[in-house]
Amino acid sequence: MVGIVATSKPIWLPLPSSPTIPISLNSDSITCFPGISLPNPRSVLHKTHSFPLLSTFSAQKDYFFRTHFSPKAAAAAASSSSVGSPESTEEPATNVKFQTLLSLPGCSSPLSLLGTGYREKVFAIIGVKVYAAGLYTNQSILSGLDAWKGQSSQVIQEDSSLFNTIFQGNCSRLEKALQIVLVRDLDGKTFWDALDDAISPRIKSPTPVDESALSTFRSIFQGRPFKKGTFIFLTWLDPTKMIVSVSSGGLPSAVDATIESMNVTLALFDVFFGSDPVSPSLKAAVSSGLATMLK
């Protein structure tokens, strides 16, 4: 596959293909996003459905994402990340398995899993899982985090300077990769629109280099179906350069695109690991993994 090179908003993922979201309260089911229809809440209250009911929902928005993680799984990932280990960690809510050690295209050495979580789309009382995600880092990253040795996962999670160090401090030249595993079908445009909605507000005054990078990023997803089980890897090689690999048949063997814009790469990292992450539980799981490894 030929790579694309370019020189230089939380993720809201409308869900395709199965469950149900209302627009009209007068019908049994309605379609809210392309390819997705969910049961009408009114109908749910009067009929028996197999959808799980959630105890809370947002009063400010019609829908939102919720993410979850297992501290036990994060600790297991941190403790089993030795080189050559064939072990994997299962994200319990989605049953997606993540290898504890990965070799990826464009990376100089294997990457270790720090933590996993999942994203869930919630409308009213109905929750639908979208994808599982895990963060991998170069194993040498710990050498640049001595200042946080012995700190609790809560302290690490709330300390933005640690994540700044990982991205653009002492550890900035060490590779980091976010693996996304879809747990339902999505079309590429839907995935990109959700990603762009999260990234764009974080780039206040985009330069021509940023615009070019976003255009390249967009081209990877537009007009392309993404089936359940698809792997999407977002790999930061350094603060100014990120590579993207997509695979529907296991780990990728090639790079689909190279994004060269510090504003874009930083915005994407901030989407997941900044002070207001779109997936709080993923960040919490990664913090738990770091705390375990820094004991």
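Visitor: Which residue lies over the face of F163?
Guide: K283 does, at 4.9 Å from the centre of the F163 ring. Please note that the model is predicted.

Visitor: And which cluster is F163 part of?
Guide: Ring pairs join F163 with F167, W236, F269, F272 and F273 in a cluster.

Visitor: How many aromatic pairs are there in the protein?
Guide: The count comes to 12 aromatic pairs. One of them is formed by W192 and F221, whose ring centres are 6.2 Å apart. The planes of these two rings stand at 15°, under the 30 degrees that limit stacking, so the pair is stacked.

Visitor: Where do W192 and F221 lie?
Guide: W192 belongs to helix α5, residues 188–199, and F221 to helix α6, residues 208–221. The pair therefore ties together parts that are 29 residues apart in sequence.

Visitor: Are those two buried or exposed?
Guide: W192 is buried, with a relative accessible area of 1%. F221 is buried as well, and its value is 0%.

Visitor: What about the rings of F221 and F226, how are they arranged?
Guide: Their centres are 5.7 Å apart and their planes meet at 35°, so this pair is tilted. F226 counts as buried, at 1% relative accessibility.

Visitor: Back to α5. At what angle do α5 and α7 pack?
Guide: The angle between α5 and helix α7, residues 262–273, is about 95°, and the axes are 9 Å apart. The two helices are therefore roughly perpendicular to each other.

Visitor: Which residues meet there?
Guide: From α5, L195, A198 and I199 take part; they meet A267, L268 and V271 of α7.

Visitor: What does D276 touch?
Guide: Leaving aside residues up to four places away in sequence, D276 touches R202 and V271. V271 is also among the α7 residues that meet α5.

Visitor: Where is D276 placed, and is it buried or exposed?
Guide: D276 lies in the loop between α7 and α8, the latter spanning 280–293. D276 is exposed, with a relative accessible area of 53%.

Visitor: Changing topic: where is C107?
Guide: C107 sits in the loop between β7, residues 101–102, and β8, residues 111–123. Its relative accessible area is 17%, below the 20% cut-off, so C107 is buried.

Visitor: Which residues does C107 touch?
Guide: The contacts of C107 are with E175 and T235, again not counting residues up to four places away in sequence.

Visitor: How far apart are C107 and L174?
Guide: In sequence, C107 and L174 are 67 residues apart. In space, the separation is 9.2 Å from C-alpha to C-alpha.

Visitor: Another loop, then. What is the phi of N95?
Guide: The phi of N95 is near 65°, which is a positive value in a residue other than glycine. N95 lies in the loop between β5, residues 88–91, and β6, residues 96–99.

Visitor: Is N95 buried or exposed?
Guide: N95 is exposed, with a relative accessible area of 52%.

Visitor: Finally, the whole protein. How many helices and strands are there?
Guide: The protein has 8 helices and 15 strands.

Methods
Residues numbered from 1 in each chain as written. Predicted model: local features only at pLDDT ≥ 70, side-chain atom pairs only at ≥ 80, totals over all residues. Heavy atoms only, no water. Helix = DSSP H or I, 4+ residues; strand = E, 2+ residues; numbered from the N terminus. Phe/Tyr/Trp six-rings, centres within 6.5 Å; stacked < 30°, edge-to-face > 60°. Buried < 20%, exposed > 50% of the residue type's maximum accessible area, 1.4 Å probe, protein only. Lys NZ or Arg CZ within 6 Å of the ring centre and 35° of its normal. Axes fitted to C-alpha atoms, helices over the stretch in contact; angles between N-to-C directions. Parallel < 35°, antiparallel > 145°, perpendicular 65-115°, else oblique. Contact = heavy atoms within 4.5 Å.
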